[in-house]
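Hello,

Here is the model I promised to pass on to you. Have a look at it first, and my notes follow below.

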Amino acid sequence: MRLTVDGVSRAFGGVYAVRDVSLTVEPGELRAVIGPNGAGKSTLFALIGGQLAPDTGSVALDGEPVERLPAHRRAARGVGIVFQAARTFHGMTALENVMVGAHATTRSGFLSAALRLPGHHREERHIRHRALACLDRTGLAAWAHRPAEELPLGQQRALQLARALCGEPRLLLLDEPASGLRAAEREHLATLIAGLRAEGRTILLVEHDVAFVMRLADRITVLDLGRVIAEGAPAEVRADPRVIAAYLGPTAENSEIKTDPAMVRPPAPRSGDRGVHP
Amino acid sequence: MRRRLPAVLLLAVLTLLPPLLPERHLATFVLLALAATVTVGVSLLMGYAGQVSLGQASFYAIGAYAAGLLAVHGVPPLLGLLAAPVIAAVAATLLGAPLLRLRGHHLAFATLAVQLILLSLLAQADWAGGAIGLQGIPRFSIGGFELREDLGYAYAAGFVLMIAVLIARNVIESRAGRGMRAAATSETAAAASGVAIGGYRLAVFALSAAFAGLAGGVYAFYLGYLAPGSFPVLLSIEFVVMAVVGGLGTIAGPLVGASVIVLLVQALNTLGTQPGMPGYAPAVLSYAVYAIVLIVCVLYLPKGLVPPIRDRLSVRPATPAPDHV
């Protein structure tokens, strides 16, 4: 699915959180959106997912404008979302949580449920089957029948991904999926995301952790103060002086790139990249 | 089989208990079963969908008046009884469209206001009997067979309760029910999964009203007389207390809650009418019981009666800790 964001702006109380942002994510592309805190990443994410409507500009999926559609209608068009906060549904098992994810692609309503109309059981089996497969894929099979709120934080995040996958999304939106995860969990997540990309799903990954996206993304869009300041392949973006200035700040010693243990090659590649950059 | 057991148990109680009860207790049984039917809807609304209604007796009244008025005008009682939940659900849909934009306490007060307005409208509606009430509702009958005895109404009320319980269970364990329960925790995440929140809130509201309407229909034929005074605000509060005491978010909760409250009120009523008690004793005692039971329940059993018992009884399958993440 092609995602086209065109000239989108959104202000809160007169302050622009996102200002005139445009980007196009080609079908099957894994696009990362990075930027320092307050860059407008989460606002942009919400504008694409349907949690917010833009003041101006358009958001289109495969060329069809969706910026005025509520979130559930966008879900029906194939948008799957993993929120930053673990928004799991309480009072329901992990399996039931994931089954909710199938909502957008299934149909039976209150009446057919109340009266157990024909077709209800077939669809129910289908949903359950798919949800179990998604739990398996995200490594949660053993937690299937546990109440979702009892899962450890890392598993709750994985549960959100399983839920999104159960809707068989063609565009997957991930908001800082790696934050708060341990190194091993992060590694597992990276493998999973790479696998989803290999299936041809379009993925938009909003991430604070630069190291995490450098090796995953096809292209990276960098936001700062609500505007796009750079866009390109990871190597180009990493070497871009505007990005270094905005994202890393003048004192690169304190940057996340260096303090992040997953980024094990700070100095050498950077000098190498500088050579390739025009 | 494990899943069917509670339903089978309930069916057994509803079938076997009425003939064993002395005649004077049958009325209590009928009213208890009807209250439980309404409370199943309240519990669905509060426990699963996260909405509060302090005006559920309005739909009880709407169902009762619908069935009563149709029967008085010569419509076959069965049609009247079938129309009662439909009319209540339609009323809930029309009222809910604007009301359900509200949340939490605001919604509670709005539903309370709806009931107060309905009661004063009913009191002025001459075509519905006005403040004096609607009289001369025929007894329930199908074909030539007429329900005269209390025992028959005990079965009718039990049947209606069974239907409400089965429908509630079916809905909770379905795609629509999961969407509704999901929205109760996080509307944002539910919407992102494709749940149309507004429509679902309305559908659950209408469904709970349909249960109340159905119970109201039986009530109309059972008493044969309806007045605005039969549906006081206290009745709405009683339904909420029953749902909370029994335990929200369970199917058995409303049944247990309704039984406990009805029997407690009945016992205190008996106590209050003992010789030597002042004349106001029964009223004071039955009002007091709602307050005391609700306070005690919220303090010591915040989840209600059923969840702690269920947790103690059920042996949860041991889940091995996953060896990888």
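Let me begin with a helix pair in chain B. The axes of helix α3 (residues 56-72) of chain B and helix α5 (residues 104-124) of chain B cross at roughly 35° and come within 8 Å. Axes here are lines fitted to C-alpha atoms, for helices over the stretch in contact, with angles running from 0 to 180 degrees between N-to-C directions. Helices (H or I, at least four residues) are DSSP runs numbered from the N terminus, as are strands (E, at least two). On the α3(B) side, A57(B), S58(B) and A61(B) meet V114(B), Q115(B) and L118(B) of α5(B); contact means that the C-beta atoms, placed from the backbone, lie within 7 Å. This contact has four nonpolar, two polar and no charged residues. Nonpolar covers Ala, Val, Leu, Ile, Met, Phe, Trp, Tyr, Cys and Pro, charged covers Asp, Glu, Lys and Arg, and the others, Gly among them, are polar.

A word on conventions: this is a predicted model, in which local features need pLDDT of at least 70 and side-chain atom pairs count only at pLDDT 80 or more, while totals for chains, interfaces and linings use all residues. Residues are numbered from 1 along each chain as its sequence is written, and chains are lettered from A and ligands numbered from 1 in the order in which they are written.

A second pair is α7 (residues 175-185) and α9 (residues 197-223) of chain B, whose axes come within 10 Å and cross at roughly 110°. That makes α7(B) roughly perpendicular to α9(B) (65 to 115 degrees). G179(B), M180(B) and A183(B) in α7(B) meet I197(B), Y200(B) and V204(B) in α9(B), a contact with five nonpolar, one polar and no charged residues.

Finally, the two chains: 40 residues of chain A are in contact with 31 residues of chain B. On the chain A side, α2(A) gives the most, with four residues. By class, that side has 18 nonpolar, 15 polar and seven charged residues.

Best wishes

Key
Angles under 35 degrees count as roughly parallel, over 145 as roughly antiparallel, 65 to 115 as roughly perpendicular and the rest as oblique.
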